[in-house]
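Have a go at each task before reading its solution.

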Amino acid sequence: MTTPSGETNSVDLNRFNQVFFEECAENLAEMEQILISLGDREPDPEQMNAIFRAAHSIKGGAGIFGFNDMTVVTHVMESLLDRLRNQEIPFAPEMIDLFLEAGDAIAMQLAGHREGKAVDQEVIDGVRARLQQAIDAGGRATAPGLPADHAEGAPPPQEELLPRRCRLAFTPDPEIFARGIRMESIISELAELAEPGEFHSSARLMDVPELAEVDPERCLTRWEFTMLTRASREQILDVFMFVADEEQLQIEEDEPVDRRTPEGEPAPEQGIVPAAGRRAYDSNETAPGAFGRRGNETEASFRVNVTKVDQLVNQVGELLITQAMLSQIAVGLDPILHETLQRGLVQLERNTRDLQGSVMSIRLVPISIVFNRFPRLVRDIAAKLGKQVELKTTGDSTELDRGLIEKIADPLGHLVRNALDHGLETPETRAACGKNPTGTLQLSASQVGGRIVIDVIDDGAGLNRERILAKALECGIPCSEAMSDEEVWQLIFAPGFSTASEVTDLSGRGVGMDVVIKNVQAIGGRVQIASEAGKGARFTISLPLTLAILEGLSVAVGEEKFIIPLNVVIESLQPKPEQLKSVNGREVVQVRGEYLPILKLHRIFNLEAEVIEPQRGILVLVEADGERGAILVDALLDEQQVVVKSIETNYRRVEGSAGATILGDGRVALILDLPELFTMHKKL
Amino acid sequence: MQTAQGSAVEQLTADGGAEYLTFTLGSESYGIDILKVQEIRGYDCVTRIANTPAFIKGVINLRGVIVPIVDLRIKFNVGEATYHEFTVVIIINVLNKVVGIVVDGVSDVVALPAQSIKPAPELGASLDTRYITGLGTLNDEMLILVDIEKLIGSDELQIVDSTVDNTQKEAVNL
């Protein structure tokens, strides 16, 4: 074997490892979600099966990919689950915590393999021992003389079939060895499914090339297995998980040996039936529990590397710019002479927009991905703090950009931790205040205009104005008694601020809220706080819907062009002289009884504008974060979709801009950030 | 021919020398490490950015990427900052950033052995000696070798924002 091919193989294997890691993480997450949703209730059979399937898939995958350490905990866990499922052991509420810990142990091992993080073997051994204890204890509590099953766990009663003869023909992919699959482990797994002494296998070579051309890594063998088994078809297929495609495996089943059709299970079909596919994108795969997958997975989907999606988004962005450029050129052409061209361009614009919509929707994911992490967090923290908390989530299906989801999880976690630690009171205090001893923490998400709004609401004590002010003074943060409540609340975002009287291991180290605001601002978001003493607090994070594309109004100021996000624009007008007033030297415009400050872009950005007098230019009325103003520009140019580009990739943050875009003529234009513009205007 | 070049490069790396792209600012000759240079292009379509020092000319669109442009003539206070069709922008790639620098003209790529590079004297000029790796001599002409990475990363130039770390920037990196 030459070195280059060896390298390719290891890369290939790596890719499969990644698939396993992702699946494993998903299975763990699903398991945890079910366990948390149970509370202390006993799982119903369907939930039990789902947990079992998740554990089984992890174990199976870990075995195939050679992560044998991961099979250890999963194996014991699976055995316990199996006993529970078959009602050989009575359910106990402590088991939920035990399973959660086991899940954590597996997650730790996964992180160990995936990111090379340290694995605490003691924890793993501890969890394993306790799982084993639960099995033994339960085993003694019920009938001790249960039939000893083989390690794989007995098939559940409803799937139990009478022994019947199966013939399997497996024609593997020639690359199977290169993928790191070991036939001997498949064969031994199959043998375990068979009745004792009723398993035969034979191997046949096919199309053997000349000796000189034989590649020892190519699999040219075809296997045939004959076995007498009680295992269901799914269990047999499970053995070939990750190994065979549907056309590579044929299963022929005889009628059960004693000719009785087992209850609840239709007679297996006669003759050779191609096995159902085992790929996630196979639409045939709807049978619950098939191949250890989730039973409720109805929509076909497949995994795509994130970088590929990002590349696609970028390319669509470039296409959008090119399309804008073509449209701009066509404006100067005679519409009668170039009618077909114009028609084509209109068509092109429509198509690009459709394409852009579809591509952007790929990036949108429901916020439930983040919300689902919190039940566990809340449960753990509440237990640690001795508080009673009920977590409610609403708007789980609100979609936002994948990039944002990842960035918002940490700040949101901080806010949740903070609400639990500082916001909600202990059950005794709550009862003393005449409140329900169980506090409520609500997470809600919704889409408001072009933004996503996420609320973290608790019904705790609320923020304490005096304490915040005193603390701010102590930390040397500029503040005064005259500040409004809103301004006082914002103080908690100052670096180094913490009001917690003692530092706990959850929060109170004074690094938290300033990180929250920094992270949220980095993705174009803002945090607002509302609080009422004794009633609770509400933290509102508002984020842009997507970071990639924006509807904008392009305006001209002198030589430069700017983009005003369309969602802040109310209207634009040419002011009449009588509408223009001056307040303390600052120019304002009166529109329908309201006085709005005039923001002169050329002054804010130090530009040479054609129009300096408002009555000669155009005022664009805007509203952002409850603040209104009128932006003075020379001319309105166009309303267009712009691709948001980062200036910060190669340069620093530019004050007053929320990014930049590339116009049809290839020039760069800044996208205005209204709240910042208001602040800059006030400083002038 | 090829082998001769190969051995020359080997020899260079062996004694600590490197290849430099040389350019002129006014009447002075400068050199920067060729490995930091991405491409060379003309000067056009620069979008101004408000409230920046004069040597930051603005940003340009480099095939979909927004790149800041620094005029080294203004920064180093040499020559005259005029812009015409022969004005050259050297696009450099340092510290994971792409930055364009405006120069009067690009001259050559030269290999300088380590022993021909002498330390620069303390001059008190606007170009701080911190950013000069040394003075090279080539055909009796002096070459000012600039540590472009240090220069771009410096606080003076205000290109690298020290307050926001890189991980957060990627959020809007599209």
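**Exercise 1.** Find how strand β16 (residues 580-583) of chain A is joined to strand β17 (residues 586-591) of chain A.

*Solution.* Start with the pairing: β16(A) and β17(A) run antiparallel and are joined by four bridges. Helices (H or I, at least four residues) and strands (E, at least two) are DSSP runs, numbered from the N terminus, and two strands pair if DSSP finds at least two bridges between them. Next, pick out one bridge: A:Leu580 has A:Val589 in β17(A) as its partner. Finally, look at the turn: the two strands form a hairpin with two residues between them, and A:Asn584 there has a positive phi of about 55°.

A word on the model: it is predicted, so local features need pLDDT of at least 70 and side-chain atom pairs count only at pLDDT 80 or more, while totals for chains, interfaces and linings use all residues. Residues are numbered from 1 along each chain as its sequence is written, and chains are lettered from A and ligands numbered from 1 in the order in which they are written.

**Exercise 2.** Work out which strands stand at the edges of the six-stranded open sheet in chain B.

*Solution.* First write down the order, which is β8-β1-β2-β11-β10-β9 with mixed pairing. Then read off the ends: β8 (105-112) and β9 (117-118) of chain B each have a single partner strand, so one side of each lacks a neighbour in the sheet. Inside the sheet, β10 (residues 132-138) and β11 (residues 141-146) of chain B pair antiparallel over six bridges. One of these links B:Thr137 with B:Met142 of β11(B).

**Exercise 3.** Describe how helix α2 (residues 45-64) of chain A packs against helix α3 (residues 68-85) of chain A.

*Solution.* Begin with the geometry: the angle is about 155° and the axes are 9 Å apart. Axes are lines fitted to C-alpha atoms, for helices over the stretch in contact, and angles run from 0 to 180 degrees between N-to-C directions. The angle makes α2(A) roughly antiparallel to α3(A) (over 145 degrees). Now list the residues that meet (C-beta atoms, placed from the backbone, within 7 Å): α2(A) contributes, among them, A:Ile51, A:Phe52 and A:Ala55, and α3(A) contributes residues including A:Met77 and A:Leu81. By class, ten residues of this contact are nonpolar, six polar and four charged. Here Ala, Val, Leu, Ile, Met, Phe, Trp, Tyr, Cys and Pro count as nonpolar, Asp, Glu, Lys and Arg as charged, and the others, Gly among them, as polar.

**Exercise 4.** Identify which element of chain B supplies the largest share of the side that touches chain A.

*Solution.* Count the contact first: 28 residues of chain B are in contact with 34 residues of chain A. Then sort by element: β4 (56-62), β5 (65-71), β7 (97-103) and α4 (166-169) of chain B each supply at least two residues. The largest share, four residues, comes from β5(B). This side of chain B has 17 nonpolar, seven polar and four charged residues.

**Exercise 5.** Decide whether B:Asn51 and B:Asn96 are buried or exposed.

*Solution.* B:Asn51 counts as exposed, with 12 C-beta neighbours inside 10 Å. A residue is buried if 20 or more other C-beta atoms lie within 10 Å of its own, exposed if 12 or fewer, and partly exposed in between; C-beta atoms are placed from the backbone. B:Asn96 sits in the loop between β6 (88-94) and β7 of chain B, and its phi is positive, about 60°. With 10 other C-beta atoms within 10 Å, B:Asn96 is exposed.

Conventions
Parallel < 35°, antiparallel > 145°, perpendicular 65-115°, else oblique. Contact = placed C-beta atoms within 7 Å.
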